[in-house]
Amino acid sequence: MMKAALLYGPGDIRIETVKDPEIGPDDILVKVKACGICGSDLHVFKTAGLEALQNPIILGHEFSGEVASIGNKVQGLNVGDRVFGTGYRNCGTCLWCRQGQTFRCPNPTVPGEGLPGAFAEYVVVPNPMPGQMLFHMEEGMEWEEAAIIEPLAVAAHAVRRARLETKDKVVILGGGMIGLNILQLARAMGVSTVIVSEPSLLRRNTASKLGASHVANPTREYIAESVGTATGDEMADVVFECSGTSIALKQSPQLLRPYGRLIQVGMFEDEIKLEPEFMSLMFQFKNITWRGSGGQRWDMALEQLRTGQIRTRELITKRYGLDDIGKAMISQLDTELSIKVMIVFP
Ligand SMILES: [Zn+2]
Ligand SMILES: [Zn+2]
């Protein structure tokens, strides 16, 4: 038997003892050592529907841990290996899977998003794909350090989706974990103008420390004006929308130059109503490309980490044991006090 955090409905998370997970031939079992709370975990924590009551959800996909057992078809891993990553199981039957392009599968499931996640003593990682979705920790790397690489990989994917270039002027709407990592990646690439718009003082201060050329408080300032001042009225080449709020989204076309790129990273919780003015400014007057970003670029994240230019550890603002996961969720919701909250295991 093991301890796990079960989500029964909005805000209703309970620690219970459940059966030890069983593994199939393509799976491994990982003894969890650290797991970060992601924006997408919070999203489910707040919005979990009625189904959760019948089938409580175990969240958590940003984890590191020790391999405890291995299915007989799995290669490249041993019991006792220190690993991090996100397990990923593609559907195996869609057009893309049948062609071997499993990364394009429209129905993948990962621990915490469709499969039981890592807010538990043990997590099953299906189809671990060592070196692609699951990685060995380097000598001397700590559990928390490893668990915090996933959001960097998400940010790396967004930077890739933007086809970011050094000469670009960048605006980041939302200075949470992903926004702050996009900032760091852009700075590491040599991008000099990076404006971060974020209501939380803690997150704005962190953005300044991490190299933002400008920070702005959207509750106090007219962001289009701040971006105009910062760019000599040329406006931004790229906006990364990382907040998932309609206010931020609707500002975006005003912040962009014609032919600019709007990269959608944040997840929305409320319905958004897009007025005709927004649509015509976006598409007719400014020829803006609005591009989605979901997924990870692990290779790029690991490469950037090795350069030593990226700071992730100091983004961890608080740590809790699994028993206190309810408190941890509340703490992660408070953007004035937290950036990344970690669940740590003995
Ligand atoms: Zn995540
Ligand atoms: Zn598929």
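Is Ala248 buried or exposed, going by its C-beta neighbours inside 10 Å? Ala248 has 20 C-beta neighbours inside 10 Å and therefore counts as buried (buried means 20 or more other C-beta atoms within 10 Å of a residue's own, exposed 12 or fewer, and partly exposed in between, with C-beta atoms placed from the backbone). Welcome to this structure, which is a predicted model: local features need pLDDT of at least 70, side-chain atom pairs count only at pLDDT 80 or more, and totals for chains, interfaces and linings use all residues. Residues are numbered from 1 along each chain as its sequence is written, while chains are lettered from A and ligands numbered from 1 in the order in which they are written.

**The whole chain**

- The protein chain has twelve helices and 17 strands (DSSP runs numbered from the N terminus, with helices being H or I of at least four residues and strands being E of at least two).
- A compact globule of 346 residues would have a radius of gyration near 20 Å, and the 20 Å of the protein chain agrees with that (the radius is taken over C-alpha atoms, and the globule rule is 2.2 Å times the number of residues to the power 0.38).
- The C-alpha trace spans about 60 × 40 × 40 Å along its principal axes.
- Of the 346 residues in the protein chain, 46% are buried.
- Among contacts with a separation of 6 or more, 69% join residues 24 or more positions apart (a contact means that two C-beta atoms, placed from the backbone, lie within 7 Å).

**Ala248 and helix H9**

- Ala248 sits in helix H9, which covers residues 246-255.
- Beyond its neighbours within four places in sequence, Ala248 is in contact with Leu173, Gly174, Glu241 and Ser243.
- From Ala248 to Phe285 there are 37 residues in sequence and 19 Å in space, C-alpha to C-alpha.
- The buried residues of H9 are Ala248, Leu249, Gln251, Ser252, Pro253 and Leu255.
- Their cover includes strand S10 (169-173), H8, strand S13 (236-241), strand S14 (256-264) and helix H10 (276-285).

**Where helices meet**

- Two packed helices are described by the angle between their axes and the distance between the axes.
- Helix H8 (residues 223-230) and H9 have axes that come within 9 Å and cross at roughly 35 degrees (axes are lines fitted to C-alpha atoms, for helices over the stretch in contact, and angles run from 0 to 180 degrees between N-to-C directions).
- Ile223, Ala224 and Val227 of H8 make this contact with Gln251, Gln254 and Leu255 of H9.
- The axes of helix H5 (residues 149-161) and helix H11 (residues 298-306) come within 8 Å and cross at roughly 110 degrees.
- H5 and H11 are therefore roughly perpendicular to each other (angles under 35 degrees count as roughly parallel, over 145 as roughly antiparallel, 65 to 115 as roughly perpendicular and the rest as oblique).
- On the H5 side, Ile149, Leu152, Ala153, Ala156 and Arg160 meet Trp298, Met300, Ala301, Gln304 and Leu305 in H11.

**Ala48, in a loop**

- Ala48 lies in the loop between helix H1 (39-47) and helix H2 (51-54).
- With 20 other C-beta atoms within 10 Å, Ala48 is buried.
- Leaving out residues up to four places away in sequence, Ala48 touches Leu7, Gly9, Pro10 and Ile57.
- Ala48 and Met189 are 141 residues apart in sequence and 38 Å apart in space, C-alpha to C-alpha.
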